Amino acid sequence: PKEKRILFLSNIMASKGIIEFLTASKQLLKDDNEIRIDIAGDFISDYYLTKNQIKKKFLDLFEDLKNDFSGRIFYHGTVSGIKKVDLLKSSSIFILPTYYPTEAFPISIIEAMASGNAIITTKYNYLEKIISKKHGGTIQIKDACQIVDSIKKLFTDQQKLQVIQNNNLMLSKSFTLENHLSMLLKIFNS
């Protein structure tokens, strides 16, 4: 089995659920000494907070976590290429607790599946039609407690986690651009 590593890889904006994830991270890191958290992405304004507001809020929460759990939580900034691939491949669970207004089917989820990650995302827009329990699971938006519970459940049953990871690896092989667009059209038309 892979290490107990959780990855948040997205634009860092309030509506991508980063604040809820950092809140959940405190509990996860406290309850399990084997968990490591990686966060990557650039700060961007959204409907809720400006770029400077989200950056300040993120850094305040992140620094507190880093002080309490040194060496177990990392912010990598914007990543691409080999660094991005390495982060995706070394993680076990990909988290995207999004409530971004126009969220459809983020490419980051496909990349995470192709790297053998279980996926935890929100019951928001079309995500619930795409991600089921066999891919990881979905949670309510703005709910740090559900983030904690979902991740703990996956890490508690390592055998089930491996089945989900392998399932996502196999499924991701079917994701060509053509299939992706076709799937989106089906969802939008339903």
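Predicted model: local features only at pLDDT ≥ 70, side-chain atom pairs only at ≥ 80, totals over all residues.
The buried residues of helix H7 are Leu161, Ile164, Gln165, Asn168 and Ser172, where buried means under 20% relative accessible area, exposed over 50%, and partly exposed in between, with a 1.4 Å probe and protein chains only. They lie on the same side of H7, because they cover an arc of only 100 degrees around the axis, the arc being that of the directions from the helix axis to the C-beta atoms. Residues are numbered from 1 along each chain as its sequence is written, and side-chain values use heavy atoms, with hydrogens and water left out.

Helices (H or I, at least four residues) and strands (E, at least two) are DSSP runs, numbered from the N terminus. H7 comprises 15 residues, 158-172, and spans 21 Å from its first C-alpha to its last, close to the 21 Å expected at 1.5 Å a residue; the expected span is 1.5 Å times one less than the number of residues. On the face turned away from the buried side, H7 carries the exposed residues Gln159, Val163 and Met170. The cover over its buried residues includes strands E4 (93-96), E5 (118-122) and E6 (136-139), together with helices H4 (107-114) and H6 (144-156).

Next, asparagine 117, in the loop between H4 and E5. Asparagine 117 counts as buried because its relative accessibility is 0%. Among the residues it touches, not counting those up to four places away in sequence, are Gln165 and Asn168; contact means heavy atoms within 4.5 Å. The side chain of asparagine 117 also makes a polar contact with the side chain of serine 91, at 2.8 Å. A polar contact is a pair of N or O atoms within 3.5 Å; within protein, one must be able to donate a hydrogen and the other to accept it, and residues adjacent in sequence count only if both atoms are side-chain atoms.

Four of its five residues are buried, so E2 is largely enclosed by the rest of the structure. Strand E1 (residues 5-9) pairs with E2 in the parallel sense over five bridges, pairing requiring at least two bridges found by DSSP. E2 also pairs with strand E3 (residues 73-75), in the parallel sense, over three bridges. Isoleucine 37 is the bridge partner of isoleucine 6 and stands opposite isoleucine 73 in E3.
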